[in-house]
Protein chains: 2
Amino acid sequence: MKAGDGPNSYANNSTFQKIAVNSSQEVVREEIAEKLDIQTFLLSSCNTFRIADLGCSTGPNTFFAVDNILETVQLKYQSQGLSSHQIPKFQVFFNDQTTNDFNMLFKSLPQNRQYYAAGVPGSFYGRIFPNASIHLFHCSFSNHWLSRVPKEIGNKESPAWNKGKIYYSSSTTEVTRAYETQHALDMERFLNARAQEIVYGGLMVLIIPCRPNGTPHSHTLANITYETLGSCLIDMARKGVVDEGKLDSFNIPVYIMSPQELEVAVERTGYFSIERMEVLPNMFPNSSLSNALLSTSHVRAVHEEHIKQHFGEEIIDELFNLYHKKVEERPSKFESGKTIVSLAVLKRNTN
Amino acid sequence: MKAGDGPNSYANNSTFQKIAVNSSQEVVREEIAEKLDIQTFLLSSCNTFRIADLGCSTGPNTFFAVDNILETVQLKYQSQGLSSHQIPKFQVFFNDQTTNDFNMLFKSLPQNRQYYAAGVPGSFYGRIFPNASIHLFHCSFSNHWLSRVPKEIGNKESPAWNKGKIYYSSSTTEVTRAYETQHALDMERFLNARAQEIVYGGLMVLIIPCRPNGTPHSHTLANITYETLGSCLIDMARKGVVDEGKLDSFNIPVYIMSPQELEVAVERTGYFSIERMEVLPNMFPNSSLSNALLSTSHVRAVHEEHIKQHFGEEIIDELFNLYHKKVEERPSKFESGKTIVSLAVLKRNTN
């Protein structure tokens, strides 16, 4: 994500993620009110309820999500007729990759927050918290990031070598399969790690951009976006602005799963029950997605940094100008793309 | 502290702090081995031992200190004949002001660390952790920073207005008293906050640059350093390089306490017993302190940022060149300065 708070920063270009957080809030409140079984929690001597937001980026979306959760948990405790000193205090862990701009995150923490804040650097595909130390996980718009580009994709000797492309959705079966396998492995590692870190009975809220069940990868809006970005880089390689070898070794570590794939992953690991799973309503009206400027600024905020690291800073403006032009020229291509955002509420089994 | 890892950064100019950490390690090991009463700890369901380093800055000193503590606690558990799964896991909280360079701290976390790491932004003069959630606090070279410059120091109407100076040690009685009062208040807030956050029986290690009991403020090495820095700013104000009004409104929020003042503060708040209190041996041989270059780079790394914020970047090089010259010209002044580093190990009362 683009750090800081400049015009191209993630902080100022995360409208989609914000809409998702907003439209998930009511469901999250309902699920906490109904499913959070606070009697089973041993809050230990310090009477602290611990929340972690995974892939929090730099705010402000993470702060909205956390406040919504915290207020609902507080209400739940109050509804049990507990006195104020029996209602727990809150500690919130903001997690993201080590390269995240934690300095900015910390500086923008709400002044009037009702929790003790901490930042936790590191990939959520590994262990980042002690055993049974978190009561509620929240993870929004993060699980579509793979832990890495599948190894074989960059290997010239492999049938899954992704020559001349930067993504899987309109590539060969071998490439697509390599992405699918990496995704299945990552989800397994994600669920296994969280299963150790969460208390028995704890809840996990996942908000994930998905493709509808049965929709081909190539018809998915997010994937059309990445393929368009790839076509810009291919054009620039033809013009000699981008090195062809660099293009071959660049691939975007994103996989757009279907709700069904998510279900399969949860069931396979076996540590969580699916308490609720639904498509968030009417979030990305095609009219707004066909807004080329919005689409460009979104893609740029999310991908500028790793593209810059690979290709160098000098290509960035040209790349996103070209991208902008392509979106403007063919709005129908984007309007036909399918996309949904799935919300899943999982509960840690007590056995 | 100067962020990043450039030539003037704190990370590359914290030799004094490193010597202090090194020479404290043996004492810390002894005290943990002897005084850490692990039987009294309820490690809760997650079996996690929590350590916090307060005022950690950007490393690497904080990592050395934490490793030393962690290994000693591990040994202590092993010596009780516990099996490996009964030995707790560790979670380490790195705390400093919100303006600290946490991005750099996180990027330099040791790869092979044996703990879950988290960063906690915020002043340790307030609450930063949930009740009874930390087993061992470490705080090195941080307690001499006041939470703020005493209010009256900057008030033209007050008898404690510190006109034409930036520090208290060669100023009026009123100014000195204002600093002393602020320090007493800050230590009380520090100890009260930690008393709530630490478990009963938990240990707190404080390493503090001090003046020997009975030594006047003006004879203390650190204070001579600040007075010299002040005299440079006064010279620059006379030359018109520094604005006189800006000089009057600038004061350094540092107070060099005596071990006796520390004892009084601990006894007054009443939550901790002093398990050990001693002067660390032979840490700053005068010969090395008379090394003007080392002194300059140290003072610059620690104070460049807040001087820059107040006076602007353009004066920085001239200021520290002048400072360097003054130290070189009068080494005897610095050699005569008294300084000690006190180490205190406190234990939280169980009642």
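Helix α5 covers residues 221-238 of chain B and helix α10 residues 316-329, and their axes cross at roughly 125 degrees and come within 9 Å. Axes here are lines fitted to C-alpha atoms, for helices over the stretch in contact, with angles running from 0 to 180 degrees between N-to-C directions. The helices themselves are DSSP runs (H or I, at least four residues), strands are E runs of at least two, and both are numbered from the N terminus.

A word on ground rules: this is a predicted model, in which local features need pLDDT of at least 70 and side-chain atom pairs count only at pLDDT 80 or more, while totals for chains, interfaces and linings use all residues. Residues are numbered from 1 along each chain as its sequence is written, chains are lettered from A and ligands numbered from 1 in the order in which they are written, and side-chain values use heavy atoms, with hydrogens and water left out.

Back to that helix pair. α5(B) passes α10(B) in a right-handed crossing; a crossing is right-handed if the near helix is turned clockwise from the far one by less than a right angle, and left-handed if anticlockwise. On the α5(B) side, the residues in contact (heavy atoms within 4.5 Å) include Thr225(B), Leu229(B), Cys232(B) and Met236(B), and among their partners in α10(B) are Leu319(B), Phe320(B) and Tyr323(B). Sorted by class, this contact has eight nonpolar, three polar and three charged residues. Nonpolar takes in Ala, Val, Leu, Ile, Met, Phe, Trp, Tyr, Cys and Pro, charged takes in Asp, Glu, Lys and Arg, and the others, Gly among them, are polar.

Now hop over to chain A, where helix α4 (residues 173-197) packs against helix α7 (residues 259-269) at an angle of about 50 degrees, the axes being 9 Å apart. So α4(A) and α7(A) are oblique to each other, and the crossing is right-handed. α4(A) brings His183(A), Ala184(A), Met187(A), Glu188(A), Leu191(A) and Asn192(A) to the contact, and α7(A) answers with residues including Leu262(A), Ala265(A) and Val266(A). Six of the contact residues are nonpolar, three polar and three charged. In chain B, α4(B) and α7(B) also pack at an angle of about 50 degrees, with axes 9 Å apart, and their crossing is right-handed.

The loops have some backbone details to look at. Gly59(A) and Pro60(A) are joined by a cis peptide bond with omega about 0 degrees, and Pro60(A) sits in the loop between β1 (48-54) and α2 (61-79) of chain A. In chain B, the bond from Gly59(B) to Pro60(B) is cis too, with omega near 0 degrees. Ala132(A), in the loop between β3 (115-121) and β4 (134-140) of chain A, has a positive phi of about 45 degrees although it is not a glycine.

How do the two chains fit together? A rotation of 180 degrees with 0.0 Å of shift along its axis superposes chain A on chain B, with RMSD 0.0 Å, by least squares on the C-alpha atoms of residues with pLDDT of at least 70 in both. That is the relation of a two-fold axis. 31 residues of chain A are in contact with 31 residues of chain B, and 100% of the interface residues of chain A are also interface residues in chain B, so the copies meet through the same surface. The chains bury about 2400 Å² between them, 61% of it on carbon and sulfur atoms; buried area is the accessible area (1.4 Å probe) that two parts lose on being put together, summed over both. In chain A, Phe106(A), Tyr116(A) and Pro130(A) lose the most area to chain B, together 23% of what that side buries.

Technical notes: Parallel < 35°, antiparallel > 145°, perpendicular 65-115°, else oblique.
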